[in-house]
Structures are given as structure tokens and as C-alpha cells.
Amino acid sequence: MILSDTRILEEIEKGTIKLEPYDRECLGSNSYDVHLGKWLATYREHILDAKKHNEIEYFEIPEEGFVLYPHIFYLGVTAEYTETHAHVPFLEGKSSTGRLGIDIHATAGKGDVGFCGNWTLEISVKQPVKVYRGMPVGQLIYFPVDGEIEVKYNQKKNAKYSQQPDKPVESMMWKNKF
């Protein structure tokens, strides 16, 4: 089951879902629209190594927009800071974004109960497309959890992406043991 707009509003009132900034106009029938933040990043190296810390370079999207190109992997961020304390949040692209050939996540569309932070977007495009800070880019949907959560994400000692800032965060795969 996905939470309806009424249930999302109830959970916001209870404090189990937090969205900052919050705009009632962004609430759909069963989702909440999120927007592209002002920061993008790209990896410094052309070849990425899963066992090393691959560093990124940040740049701000100018007011006049920024053209994204195919074959370049961009990290973006939502303008919204979110907290989800009793549900599983999923981030999906908006159909309007998809129809421009913009993918906003490679694999990481699911959050965890207890996720707190801005969402890092894993952006790729099918053809050159100009994007703007603040443009609608995705939507959050919320699923109820069946059963008790033993340890929420924001309480895990090894949570690599807890309290994500309003800038994109690079892969932390290198922190895993393999």
C-alpha cells in the first residue's frame, strides 16, 4: 500500500514525515513532488574504482540553467530536506522529467525508515537537456512498514548516508568490506 495524500498529511502532522521546505501545492494524490537543488557534482576521475574513495567536484547551477550531456554521470540533490520515521520512502522521477530523457536515480530509489537528509540524485540523460535549480524533478511515495523496526537508519552506527547535506554525496562503497 502507498500512503494517500490524506495519510501523508496526517503523518506530517504527527511528525513521522518531515519535508522542508513544505508546499501544499506539491502534494499529489499519493506522492510529494521534490525539486532539483542548486548543487551538482561530477567525479574527478573518468574511471571509478569501487574500492577507493572517488572524489567529486561541486558546481552550482546558474540561474540561467545548466546543460547536462549524455555519457556524463551527474550527482544532484533535492532542494527538500526530508525525514521519514515510520514509513519506507521511495523516490521516483516525474513523468515530465522522464519525457525529457532525464533519469534521477541509477539504483537508489528506496530510502530506509529513519532516513534524514536531502536525497542525492544519480542523474543521467539520453540527450543534451538544460536543467534549472528548483525545477520539479521527482516525487516521494511512502509505504507503511509491517512489523517493528529494530534499528532505524538514523540510529545505525554504520549508516553511510545519514544526515545528507544540501550538496550531493559521492559513493561510499569504499567503506564496505569486500
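Tutor: In this predicted model, Lys and Arg count as positive and Asp and Glu as negative, while His and the chain ends are not counted. By that count the protein chain has 21 positive and 26 negative side chains, and the centres of the two sets lie 5 Å apart.

Student: What is the secondary structure of the protein chain, and which pattern does it follow along the sequence?

Tutor: The secondary structure comes to two helices and 11 strands, and read along the sequence these give the pattern α-β-β-β-β-β-β-β-α-β-β-β-β.

Student: Why is the protein chain called as compact as a globular protein of its length?

Tutor: The radius of gyration of the protein chain is 16 Å, and the globule rule gives 16 Å for 178 residues, so the value is close to the rule and the chain is as compact as a globular protein of that length. Along its principal axes, the C-alpha trace spans about 45 × 40 × 25 Å.

Student: Why does Thr-120 count as buried?

Tutor: Buried means under 20% relative accessible area, and Thr-120 has a relative accessibility of 15%, so Thr-120 counts as buried. This residue is found in strand 9, which runs over residues 116-125.

Student: What makes the pair formed by the side chain of Thr-120 and the backbone nitrogen of Val-169 a polar contact?

Tutor: A polar contact needs a pair of N or O atoms within 3.5 Å, one able to donate a hydrogen and the other to accept it, and here a polar atom of the side chain of Thr-120 lies 3.2 Å from the backbone nitrogen of Val-169. Leaving aside neighbours within four places in sequence, the residues in contact with Thr-120 include Leu-75, Gln-164 and Val-169.

Student: How do you know that Thr-97 is buried?

Tutor: The relative accessible area of Thr-97 is 2%, and the cut-off is under 20%, so Thr-97 is buried. Thr-97 has its place in helix 2, residues 95-98.

Student: Which backbone oxygen does the side chain of Thr-97 reach, and which residues does Thr-97 touch?

Tutor: The side chain of Thr-97 reaches the backbone oxygen of Val-137 at 3.3 Å. Not counting residues up to four places away in sequence, Thr-97 touches Ile-102, Ile-104, Pro-136 and Val-137.

Definitions and conventions:
Residues are numbered from 1 along each chain as its sequence is written. This is a predicted model: local features need pLDDT of at least 70, side-chain atom pairs count only at pLDDT 80 or more; totals for chains, interfaces and linings use all residues. Side-chain values use heavy atoms; hydrogens and water are left out. Helices (H or I, at least four residues) and strands (E, at least two) are DSSP runs, numbered from the N terminus. The radius of gyration is taken over C-alpha atoms; the globule rule is 2.2 Å times the number of residues to the power 0.38. The place of a charge is taken as NZ of Lys, CZ of Arg, CG of Asp or CD of Glu. Buried means under 20% relative accessible area, exposed over 50%, partly exposed in between (1.4 Å probe, protein chains only). Contact means heavy atoms within 4.5 Å.
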